[in-house]
Amino acid sequence: MGFSPESKEAQQFRQGLRDAGYAEGRDVMIEWRSANGDYGRVSEFVNDLVQRKVDVIVADSTFAAGAAKRATSTIPIVMAVVADPVGSGLVSSLAHPGGNVTGLSVMLPQLSGKRLQLLKEAIPRLTRVAVLWNPDAPFHATVVEDLKAIAPSLSIELSVLGVRTTEEIGPAFSAMTRAHAEALYVLGDAFFSSQRMTLLKLASKGRLPAIYATRTFVDAGALMSYGPNFGDLFRRSAKYVDKILKGAKPGDLPIEQPTKFELVINLKTAKALGLTIPESILLQADEVIR
């Protein structure tokens, strides 16, 4: 619902299907629906897929999975990148999901503190951080509270800014300037991914080093990212589709969690910002872009 058919994540999903022996157009047909971060369109897309009586719905966000669950109790739903499925009420438990939902949990709430810690390690003098979150994202409020609880132990003061629409992005960055923010923390969200280049441009203009949930931001010029490998999650979600098409019940398939987390640092961006990243954190990085 957030990634386009041309994205790297979509290609990994296709690869997962090929690995399972499926040829697109011969064995399976994929009905792509991408809301580009517009949560208002998700229910419309889900209802359309339900009316088309698809065999499986693959959801790439907590919001999309929730909309799909509300729309159907019979069509299997596979979560590709969903945060906290138990806390969101999507499943009964990770081991025994029950109902028609299964797939993968990306553990985003649990990674929140780790990202803030890594940002502090990369910029030891850091004391003021702006947090960009989306009030429409089901799990963001919990993440914000987690960050507020963790920040004092890192001697960091947070400026928390909620953004739902493109029109609110510019004013949010103006508020960061007024708050004298020294760095930016952007929560993982389909809307923010769809606005990636705008966020990167404004962060660069404000000379704000930033950390994100996915490496696509770092590849495009952000300073840092830390999180699961989304391509790997999409490829693994195809295995769930395979099992369901072969007769497995979603409620009987345990939910998997990420097996790999990546810390990616862009030293080109650090140089442009006049930052010297400590060797201690560079040694932790899975990839350093030089």
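## Helix pairs

In this predicted model, helix H6, which spans residues 169-178, packs against helix H8, residues 196-205, at an angle of about 25°. The axes of the two helices lie 11 Å apart. Because angles under 35 degrees count as roughly parallel, H6 is described as roughly parallel to H8. The crossing in which H6 passes H8 is right-handed.

A further pair is formed by helix H2, residues 42-51, and helix H3, residues 62-71. Here the packing angle is about 45°, and the axes are 9 Å apart. That angle makes H2 oblique to H3. The crossing of H2 and H3 is right-handed.

## The seven-stranded sheet

Seven strands make up an open sheet with mixed pairing. Read across the sheet, their order is E5-E4-E6-E7-E8-E9-E10. From one strand to the next, the twist averages 20°.

Strand E9, which covers residues 261-266, pairs with E10 in the parallel sense over three bridges. Within this pairing, Asn266 stands opposite Ile289 in E10.

## The three-stranded sheet

Another open sheet consists of three strands in the order E1-E2-E3, and its pairing is parallel. E1 and strand E3 (101-105) stand at the edges. With a single partner strand each, E1 and E3 both have one side that is left without a neighbour in the sheet. The twist in this sheet averages 15° from one strand to the next.

Strand E2, residues 77-82, pairs with E3 in the parallel sense over four bridges. Val78 is placed opposite Thr102 in E3.

## The largest pocket

The largest pocket holds about 560 Å³ of space. It is lined by 24 residues, of which Met29, Ile30, Glu31, Val56 and Val58 are the closest to its centre. Helix H1 (8-19), strand E1 (57-59) and helix H10 (230-245) each contribute at least two residues to this lining.

By class, the lining of the largest pocket comprises 17 nonpolar, one polar and six charged residues.

## The second largest pocket

The volume of the second largest pocket is about 250 Å³. Of the 17 residues in its lining, Glu9, Arg215, Asn229, Phe230 and Gly231 are the closest to the centre. At least two lining residues come from each of H1, helix H9 (215-219), strand E8 (224-228), H10 and E9. E8 gives the most to this lining, with four residues. Both E8 and E9 also belong to the seven-stranded sheet.

The lining of the second largest pocket is made up of five nonpolar, seven polar and five charged residues.

Conventions: Residues numbered from 1 in each chain as written. Predicted model: local features only at pLDDT ≥ 70, side-chain atom pairs only at ≥ 80, totals over all residues. Heavy atoms only, no water. Pairing = 2+ DSSP bridges. Axes fitted to C-alpha atoms, helices over the stretch in contact; angles between N-to-C directions. 1 Å grid on protein atoms, 1.4 Å probe; cavity = no way out; pocket = protein on both sides within 12 Å on 5 of 7 lines; lining within 4 Å. Points joined across faces, edges and corners; volume = space filled by probe spheres on them. Nonpolar A, V, L, I, M, F, W, Y, C, P; charged D, E, K, R; others polar. Parallel < 35°, antiparallel > 145°, perpendicular 65-115°, else oblique. Left-handed = near helix turned anticlockwise from the far one by under 90°.
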